[in-house]
Amino acid sequence: MDITTPTVLKSLSTAGSAAKELTAWWKKSTGDSRALIGELKDNLIYLDIVAKDGVELGEVIDKLSVTEYKRLANAGFNFNSLKRGKLAILPSLKGTDLVSWQGKQTDELIESIYEKLNDLKLRYPHVKKNSKYRWSVRVNNIRKRIWLLLMHVRS
């Protein structure tokens, strides 16, 4: 399945590159941050299986996790502590669906990623055959947001 990926994210969209970046970030992290990054990595791998390997979303939907995010959100974790500062303004995002993320805080992006994951987990089992839901587009939008988070953390 081909998706439009902004130039700045192309290097992360290649096979395994984003997972490697997440692993490197995970190794440098500790405690709650490490738990969240590990969950993000697992979720990205499952989404990649759907997007790249043609596996049905239904086969991995139960494996997608929002547990660590919910635990940390309920405990008042500061998601901005993962990377302080606003998302950079990147010219290659112009004209893409990610342009609106420029200048926003890390916590907003993480919240959005997990909101989309949770929505997928709640809706898919009940309306998976409804043609108005473009599941592959939803999967790819989450993947792109995770890639954007990785670009932000690397900067």
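Me: Where does Leu-98 lie?
Reply: Leu-98 lies in the loop between α5 (67-74) and α6 (106-127). Helices here are DSSP runs of H or I with at least four residues, strands are E runs of at least two, and both are numbered from the N terminus.

Me: What kind of model is this, and how are residues numbered?
Reply: It is a predicted model, numbered from 1 along each chain as its sequence is written, with local features needing pLDDT of at least 70 and side-chain atom pairs counting only at pLDDT 80 or more, while totals for chains, interfaces and linings use all residues. Side-chain values use heavy atoms, with hydrogens and water left out.

Me: Back to Leu-98. Buried or exposed?
Reply: Leu-98 is buried, with a relative accessible area of 2%. Buried means under 20%, exposed over 50%, and partly exposed in between, using a 1.4 Å probe and protein chains only.

Me: How far is Leu-98 from Leu-148?
Reply: Their C-alpha atoms are separated by 8.1 Å. Along the chain, Leu-98 and Leu-148 are 50 residues apart.

Me: Where is Leu-82, and is that residue buried or exposed?
Reply: Leu-82 is also found in the loop between α5 and α6. Leu-82 counts as buried, at 11% relative accessibility.

Me: What does Leu-82 touch?
Reply: Leaving aside neighbours within four places in sequence, Leu-82 is in contact with Trp-25, Ser-33, Leu-36, Ile-37, Phe-77, Thr-106 and Ile-110. Contact means heavy atoms within 4.5 Å.

Me: How far is Leu-82 from Val-153?
Reply: The C-alpha separation is 7.8 Å. Leu-82 and Val-153 are 71 residues apart along the chain.

Me: Zoom out. How many helices and strands?
Reply: The chain has 7 helices and 0 strands. Along the sequence the pattern is α-α-α-α-α-α-α.

Me: What share of the chain is buried?
Reply: Of its 155 residues, 43% count as buried.

Me: What share of contacts links residues 24 or more positions apart?
Reply: Such pairs make up 69% of the contacts with a separation of 6 or more.

Me: Now packing. How do α2 and α3 sit?
Reply: Helix α2 (residues 17-28) packs on α3 at an angle of about 170°, with the axes 9 Å apart. Axes are lines fitted to C-alpha atoms, for helices over the stretch in contact, and angles run from 0 to 180 degrees between N-to-C directions. That makes α2 roughly antiparallel to α3. Under 35 degrees counts as roughly parallel, over 145 as roughly antiparallel, 65 to 115 as roughly perpendicular, and the rest as oblique.

Me: Which residues meet there?
Reply: From α2, they include Leu-22, Trp-25 and Trp-26. From α3, they include Ile-37, Leu-40 and Leu-44. The residues of this contact divide into 9 nonpolar, 2 polar and 3 charged. Nonpolar covers Ala, Val, Leu, Ile, Met, Phe, Trp, Tyr, Cys and Pro; charged covers Asp, Glu, Lys and Arg; the others, Gly among them, are polar.

Me: And α3 with α7, at what angle?
Reply: The axes of α3 (residues 31-53) and α7 (residues 135-154) come within 10 Å and cross at roughly 135°. That makes α3 oblique to α7.

Me: Who meets whom?
Reply: Leu-40, Leu-44 and Leu-47 are among the α3 residues.

Me: Last one. What is Ser-112 in contact with?
Reply: Ser-112 lies in helix α6 and is buried, with a relative accessible area of 10%. Leaving aside neighbours within four places in sequence, Ser-112 is in contact with Trp-101 and Arg-145.
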